[in-house]
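Dear colleague,

I am handing over the structure below, and after it you will find what was found in it. Please read the notes with the model open beside you.

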Amino acid sequence: VLQMVGRAGRPGLDETGVAVIMTSNEQKQYYSGSCLCADTVESSLLHLLSESLCSEISQHVITDVSEAITWLKATFFYVRIARNPRGYGVEGESFCNQAALDDFLNTMCLRSLQALAVSGIVEFDPSGYVVGPLPEAVIMTRHVIRCQTMVTLMELSALSSIPDVVWQLGAIQELQRPLRRGEKKLLNEVTKRLRFRPKGNKVHSVADKVVVLLQSSVQAVKFDDFLLNVQKSEVRDLAMRVLSALKDLALERGRGRLLLSCMLLRRALDKYMWDTPPSMFLQVQGLHESTYHMLASGKVPTLQAAKEGGRRGMQSALSCGDKDLRLLTSFFVKCHDSALAVRPIPLHSSKSQVCFEVAPRFPPPLLVRPQDARVNDGFPSDLRYVLVVYHCRTGETVMHRYCRPKASITFNIRLPP
């Protein structure tokens, strides 16, 4: 209502505007108080003080405690806490003089800065009251995530797999939603079809609910409850932002295995499908429903199995017609053309380096006949690939690079000690 009232008049032409609110006698007092600004507006900065300070520190607006207090005095929070201290949890305090208020602000700033420093997000020198940003502070500000969320992401090890990342996302309070009693039955029914299932195949906590909602979003599962569908979309959007922050964190800290797991999970959320059968076959449009069911049953578990089975073997296993077979063949050719092959090249002159070649995959799959499709006519130019090489024991990143290989590309990487 206030937004509509604010649009009264013509901007730039009229100095005043007239707004008419038509309501009942019971609601008249309510709208009169709201439009005349009779309701007191309070600040919410105290609940997000650590995040706000981190944002200013990462941009070098705040470099010490005195600048933090000066910045805090320029906020609406300072105005309200001076007039209503008890409304912000300050019991028994009477800010009758400026010194008492300054001491309280100094205590709050020190407490928030020390919490950020203990978490490893900022650098803080208690002796000189000097504060500086770490890469974690820049990542946290760039992706607009909570301080506790950043701390939870920093707990992931370099060897974290996709299930580890999924369960860690479930522990993030920013993603959690209340678990209603009537939701458990609906969530438990979906749990049986998920890739990563909670303990006992049942939802017991809000963390389990987040895990189920995330995987339901990937597998395009629709609930009979409207609120669950809304929460599923909200959790997916927030998880995409959190995974972007986790990707930058893994890059910054050199955690290659974690980086790969994060990128694969984010791609699954973005494309609404896992990168393993039978989810990958959902990309094929126009197939008969019976063919989808046969593919989902695992008759062709991998792309390599489809190649080895050939056209007759695949048609016999799926019991599909010529139209479905042509669609699947075209899909496999597209997957083959977009795939990369990695081949190591021995270097006899150096023992501390290794060389490998990345190129489009050859030869064509066995199920393709010349009259069906021409393979490797040209490599897709609109695809960008991410090459992640990590140490299998420590999970540390050896190489991370973006490329668009239209032909073979050779990389030299230094072996870790």
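Helix H3 is followed by His60, a residue whose phi is positive, near 60°. Helices here are DSSP runs of H or I with at least four residues, strands are runs of E with at least two, and both are numbered from the N terminus.

Before going further, please keep in mind that this is a predicted model, in which local features need pLDDT of at least 70 and side-chain atom pairs count only at pLDDT 80 or more, while totals for chains, interfaces and linings use all residues. Residues are numbered from 1 along each chain as its sequence is written, and side-chain values use heavy atoms, with hydrogens and water left out.

The chain as a whole

The secondary structure of the chain comes to 16 helices and 7 strands. Of the 417 residues in the chain, 40% are buried, where buried means under 20% relative accessible area, exposed means over 50%, and partly exposed lies in between (1.4 Å probe, protein chains only). Among the contacts in the chain with a separation of 6 or more, 60% come from residues 24 or more positions apart; a contact means heavy atoms within 4.5 Å.

H3 is mostly covered, since 10 of its 10 residues are buried, including Cys54 and Ile57. What covers these buried residues includes H4, helix H6 (98-118), strand S1 (122-125) and helix H8 (147-154).

H3 (residues 49-58) packs against helix H4 (residues 65-73) at an angle of about 115°, with their axes 12 Å apart; axes are lines fitted to C-alpha atoms, for helices over the stretch in contact, and angles run from 0 to 180 degrees between N-to-C directions. That angle makes H3 roughly perpendicular to H4, given that angles under 35 degrees count as roughly parallel, over 145 as roughly antiparallel, 65 to 115 as roughly perpendicular and the rest as oblique. On the H3 side Leu49, Ser52, Leu53 and Glu56 meet Ala68, Trp71 and Leu72 in H4. The residues of this contact divide into 5 nonpolar, 1 polar and 1 charged, where Ala, Val, Leu, Ile, Met, Phe, Trp, Tyr, Cys and Pro count as nonpolar, Asp, Glu, Lys and Arg as charged, and the others, Gly among them, as polar.

Helices H9 and H11

Helix H9 (residues 162-170) and H11 pack at an angle of about 125°, with their axes 7 Å apart, and that makes H9 oblique to H11. In H9, Val166, Trp167, Leu169 and Gly170 meet Ala207, Asp208, Val210, Val211 and Leu214 in H11. By class, this contact has 7 nonpolar, 1 polar and 1 charged residues.

An aromatic pair and a loop

The count comes to 1 aromatic pair, under a rule by which rings of Phe, Tyr and Trp (its six-membered ring) pair if their centres lie within 6.5 Å, with planes under 30 degrees apart counting as stacked, over 60 as edge-to-face and the rest as tilted. Phe196 and Trp274 form this pair, which is edge-to-face, at 5.7 Å centre to centre and 85° between the planes. The two residues are 78 residues apart, with Phe196 in the loop between helix H10 (183-191) and helix H11 (206-218), and Trp274 in the loop between helix H13 (256-271) and helix H14 (289-296). Phe196 counts as buried because its relative accessibility is 13%, and Trp274 counts as buried at 5%.

Met273 also lies in the loop between H13 and H14, and at 17% relative accessibility Met273 counts as buried. The C-alpha atoms of Met273 and Gln219 are separated by 5.5 Å, although these residues are 54 residues apart along the chain.

With best wishes
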